[in-house]
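Thanks, everyone, for making the time this morning.

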Amino acid sequence: MPEMRFVITWPDGQEESCYSPSLIIREFFTEGESYPVADFVERSRKALKIASDRVEAKYGFACSSANDQLARIESAAEPFLKDAGARVRCDTFIL
């Protein structure tokens, strides 16, 4: 199963490299695009769930790394959720 990383920039300028066990992330994000924080979290939730489900279908167990990544995204997003103008940028994909 091809895994990948996607590099994002949080509203405060902090860059982060995120993990996905599947290329599905590319169907939810576009390089160079920015997303309102709540939308970014929801897209991440959907994409990483699909990715984890694909791992489970192939190997018989969910992907704990995808679940951990989602928890990290949700936690990091929390301080920005009340700022309607805050956006997360998807910088690049790394295969």
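What follows is a short tour of the model on the screen.

Please keep in mind that this is a predicted model, in which local features need a pLDDT of at least 70 and side-chain atom pairs count only at pLDDT 80 or more, while totals for chains, interfaces and linings use all residues. Residues are numbered from 1 along each chain as its sequence is written, and side-chain values use heavy atoms, with hydrogens and water left out.

Let me start with the fold. The protein chain has 2 helices and 4 strands, and read from the N terminus the order of these elements is β-β-β-α-α-β; helices here are DSSP runs of H or I with at least four residues, and strands are runs of E with at least two. The radius of gyration, taken over C-alpha atoms, is 13 Å, close to the 12 Å that the globule rule gives for 95 residues, so the protein chain is as compact as a globular protein of that length. That rule is 2.2 Å times the number of residues to the power 0.38. Along the principal axes, the C-alpha atoms fill a box of roughly 40 × 20 × 20 Å.

Turning to the interior, 40% of the 95 residues are buried, where buried means under 20% relative accessible area with a 1.4 Å probe, protein chains only. If we take contacts, meaning heavy atoms within 4.5 Å, with a separation of 6 or more, then 64% of them join residues 24 or more positions apart.

Now to the aromatic rings: how many aromatic pairs does a search of the whole structure find? There are 6, and rings of Phe, Tyr and Trp (its six-membered ring) pair if their centres lie within 6.5 Å, with planes under 30 degrees apart called stacked, over 60 edge-to-face and the rest tilted. One of these pairs is F29 with Y35, which is edge-to-face at 5.3 Å centre to centre, with 75 degrees between the planes. F29 has 2% relative accessibility and counts as buried, and Y35, at 7%, counts as buried too. The rings of F29 and F40 have centres 5.0 Å apart and planes at 35 degrees, so this pair is tilted. It links distant parts of the chain, 11 residues apart, with F29 in the loop between β2 (15-20) and β3 (34-36) and F40 in helix α1 (residues 37-59). Finally, F6, W10, F29, Y35, F40 and F80 form one aromatic cluster.

Methods:
Buried means under 20% relative accessible area, exposed over 50%, partly exposed in between (1.4 Å probe, protein chains only).
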